[in-house]
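Here's a quick briefing to read with the model open beside you. Have a look at the fold before going through the points.

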Amino acid sequence: MKRLSMQWRITLLTSLLIGATCIAMMLLMCFSGNHYMDAIGASIQDYTTDGTVAFDPDPGMHEELTIVILDAKEGFRATNWYITAAVTLLSGVMAYFVSGRALRPLRSFAAQVEKVQMNNLADMRINEDTLPEFRQLSRSFNQMLERLDSAFAAQKQFTGNAAHELRTPLALMQAKLELFSAEHPQMMPETAAFLSSLKEQMERLTQMTKTLLEMSSLQSLPRNEQIQLEPMMEEICADLAPLAEKQHMTLSHEGDGTMRGSDTLIYRLLYNLAENAVKYNRPGGSVRMTACQEGKTLMIRVQDTGRGIPAPYHQSVFQPFFRVDQSRSRACGGAGLGLSLAWEIVQLHGGTIRVEESSSEGTIMLVELPAESGSNSLADTESHDCNSLKKNLFKENDL
């Protein structure tokens, strides 16, 4: 019973109630009908009111009359059972559709709740001018959204303020470390190793602070620039070339597309995805970025030849500070904010990001963004190329 939907529960309970009522009425009608039939049979007398014989059937007719009355009783009972079953079934069907219509506001409420995201809380308010049974629920839900929105705003403000306050002392400490290293070139090996480790951790803190500042200021950046992806991907490959050369990796890009948004944020999005693909890749592996347009959607894929992401973590990797492999992430200098920032940027541009495919042979990250309006001709000419790029990526990933 617990696994049944509310609509089916209402239907079953209504059918049981109506069925029980019909059975009770049928039993009463049968009792009453049988009683009156017996009374009619007993009241057939052979005397009139003046004492003369009006009806004097022979014994054979008495038997026939008894059989007719008994047959009438059986037919009356059977008819009542048929009527009860038909009424119960019909009432169950009617209860199902009526309850479905009555529960329509609840379904609408559930659909609205599924659309709630961290960045659209203010737009997800529910109309409180509804049925009395749902009015309090709608009011409570709207109040919850307001509290969540305020909490997230306070969190972002605190994060931005904290990152801003940390930036100055971190820069000062980093400068002093570099000055100390320059003034003491003949230091002991233990001291040099200590200073090198301290510099690496300082760079991690600086990068984390920079990322937190970027995440807190995403909303303020304009998103009305026309962006061409092919030159941007080429620039990203050039910027990541020194990092890739250290691990003997190859970087490549293919395809193109246009969209409207923030050039700075889209660059940061693709850079983070490509940088993650390089950092968590195998030595001697490869990273490939592809872009194509399918209809009104821009498809961007970043493929690597790393160890893959386990299926249970396909959604968790986009959460702040989440890392699949803690030790390896620390060795690579990751803070668990790169994919979280990428998710925020994609959400701001009205798109989606997900792990399209991942195995022990590599991972393909897929970003879907709205393409620039008015570029249908480009979409038509590149739809076939997009499909071929996708097939090539999956084929290479299988290998």
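What follows is a short tour, from the overall picture to a few residues.

This is a predicted model, where local features need pLDDT of at least 70, side-chain atom pairs count only at pLDDT 80 or more, and totals for chains, interfaces and linings use all residues. Residues are numbered from 1 along each chain as its sequence is written, and side-chain values use heavy atoms, with hydrogens and water left out.

**Overall picture**
- The protein comes to 10 helices and 7 strands; these are DSSP runs numbered from the N terminus, helices being H or I with at least four residues and strands being E with at least two.
- Of its 399 residues, 34% count as buried, meaning under 20% relative accessible area, with exposed being over 50% and partly exposed in between (1.4 Å probe, protein chains only).

**The cores**
- The largest nonpolar core has 42 residues, and Ile236, Ile266, Leu269, Leu270 and Leu369 have the most contacts inside it; such a core is a set of buried Ala, Val, Leu, Ile, Met, Phe, Trp, Tyr and Cys residues joined through side-chain atoms within 4.5 Å.
- Several elements each supply at least two residues of this core, including helix H6 (229–246), H7 and strand S4 (286–294).
- H7 gives the most to this core, with 10 residues.
- A second, separate core of 6 residues includes Phe109, Ile126, Phe141 and Leu145.
- Leaving aside neighbours within four places in sequence, Ile236 is in contact (heavy atoms within 4.5 Å) with Tyr267, Leu270, Tyr271, Ala274 and Met289.

**Helix H7**
- 14 of the 17 residues of H7 are buried, so the helix is largely enclosed by the rest of the structure.

**The surface patch**
- Ile23, Leu27, Trp81 and Tyr82 make a nonpolar surface patch of about 460 Å²; patch residues have over 30% relative accessible area and no salt bridge, with nonpolar side chains (Val, Leu, Ile, Met, Phe, Trp, Tyr) joined within 5 Å and like charges within 9 Å.
- A salt bridge is a side-chain nitrogen of Lys or Arg within 4 Å of a carboxyl oxygen of Asp or Glu.
- Trp81 sits in helix H2 and counts as partly exposed, at 45% relative accessibility.

Conventions:
Areas by Shrake-Rupley, 256 points an atom, 1.4 Å probe, with all protein chains shown as cover.
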